Amino acid sequence: MGNADDNPLICPECDYNLTGLSEDRCPECGTPFDREELQKIASGIVEPVIENWDDGKLMLGYARLWFRTVFTPGEFARRFPARHDEPAALSYSLASYALMGAVLVIGSIVITAAAAIGSGEVIGAGMAVAVGASGSCWVCETVIALLLRGLAKPTRARDRYHFWRGITHHGSGFVLLSALSLITGASAVMVEEVDVGFGGDLWVSFVVAAGASFAWWCTALIVMVVRRSVPGVRRVVGCGLIPLVGVGAVFLGFGFSFLLLSACTFGAF
Ligand SMILES: [Zn+2]
């Protein structure tokens, strides 16, 4: 140690300076604290989001992170480090976008093969949607992190934006669920085109799948925020803004995809 003056121990709840106290409880707000953990936070040590993320088995590491964020978001947030490895978080987010792109393009190829129609245009549409959706998700996650920086004070972390951007980077995995619902939507369009009679059912499936994946993402993110922030009205406002920003991002994504697709179509003719 020996650098207590450079890195004071700060109460994660109320920012009271706890350096030099003998009791492990904040005298200002009464919150008990773990001295070792606060020392880690104060010294700004970078920690992996989960152990063995960089053990060389990249796909396994991705899958483990994905399952944790999707199925146990509260536990994921509880264990999220005060200072995470930013390039690793960014890689996880970009890997999610890339996988979404792969699902959309492969899905487009399968649909066009099944419907026995010209594939070029549909695959182009799949790529345009992938790029449009990635861009809008990126904007959405950044905007949510910026809003949370102002509204929700994270517990056991000092740098608000760094912390919330780390959390939202890990929400990117949900784009895989969105990609699957988009494939259902694309199938509905194709089936309607060849008119085999069950296009209507596929549209219903699309709406249900898209709605469910969106609701799941919102809920998971809200659970993460609630698990790792100081209670209060501002936090409630922050959580309430998540679905609104999400809806905005959906429109932005469709708009962006449409523009890309139009630009490509006009370029081709
Ligand atoms: Zn305190």
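Predicted model: local features only at pLDDT ≥ 70, side-chain atom pairs only at ≥ 80, totals over all residues.
Let me start in the loop between α5 and α6, where R156 sits, with helices taken as DSSP runs of H or I of at least four residues, strands as E runs of at least two, and both numbered from the N terminus. R156 is not a glycine, and yet its phi is positive, at about 55 degrees.

Residues are numbered from 1 along each chain as its sequence is written. The predictor's confidence in each residue, pLDDT, runs from 0 to 100, and the protein chain averages 87, with 90% of the residues scoring at least 70. Among the elements, helix α1, residues 35–43, has the lowest mean pLDDT, at 83, while helix α6, residues 160–169, has the highest, at 97.

As for the overall picture, the protein chain has nine helices and zero strands, and buried residues make up 32% of its 269 residues.

Now to the interior. A nonpolar core here is a set of buried Ala, Val, Leu, Ile, Met, Phe, Trp, Tyr and Cys residues joined through C-beta atoms within 7 Å, and in the largest one, which has 50 residues, M100, L104, V129, L148, V175, A179 and M224 touch the most other members. Two or more residues come from each of α1, α3 (73–78), α4 (86–115), α5 (120–151), α6, α7 (175–194), α8 (199–227) and α9 (233–268), and α5 gives the most, with twelve residues. This core also draws at least three residues from each of domain 1 (1–43) and domain 2 (48–268), the bounds coming from an automatic or database domain assignment. L104, if we leave aside residues up to four places away in sequence, touches G126, V129, A130, A179, L182 and I183.

L104 belongs to the buried residues of α4, among them also Y92, S96, M100, G107 and I111. How far apart are the end C-alpha atoms of α4? They are 43 Å apart, which agrees with the 44 Å that its 30 residues should span at 1.5 Å a residue, the expected span being 1.5 Å times one less than the number of residues. Just after α4, A116 takes a positive phi of about 50 degrees.

Helix α2, residues 58–71, also reaches about what is expected, since its 14 residues run 20 Å from first C-alpha to last, close to the 20 Å expected. Its buried residues are G61, L65 and T69, and they lie on the same side of α2 because they cover an arc of only 60 degrees around the axis, an arc of the directions from the helix axis to the C-beta atoms. In general, an α-helix has 3.6 residues a turn, so residues three or four places apart point the same way. On the other side of α2, the residues M59, L60, A63, F67 and F71 are exposed.

Let me close with a few single residues. S229, in the loop between α8 and α9, is buried, with 24 other C-beta atoms within 10 Å. Beyond residues up to four places away in sequence, S229 touches A152, K153, P154, T155 and R235, and its C-alpha is 9.7 Å from that of L151, although the two are 78 residues apart in sequence. G240, in helix α9, is by contrast exposed, with 11 other C-beta atoms within 10 Å; from G240 to I222, 18 residues apart in sequence, the C-alpha distance is 8.4 Å.

Finally, D15 is in the segment before α1, and its phi is near 70 degrees, a positive value in a residue other than glycine. D15 counts as partly exposed, with 13 C-beta neighbours inside 10 Å.

How values were computed. Buried ≥ 20, exposed ≤ 12 C-beta atoms within 10 Å, placed from the backbone. Contact = placed C-beta atoms within 7 Å.
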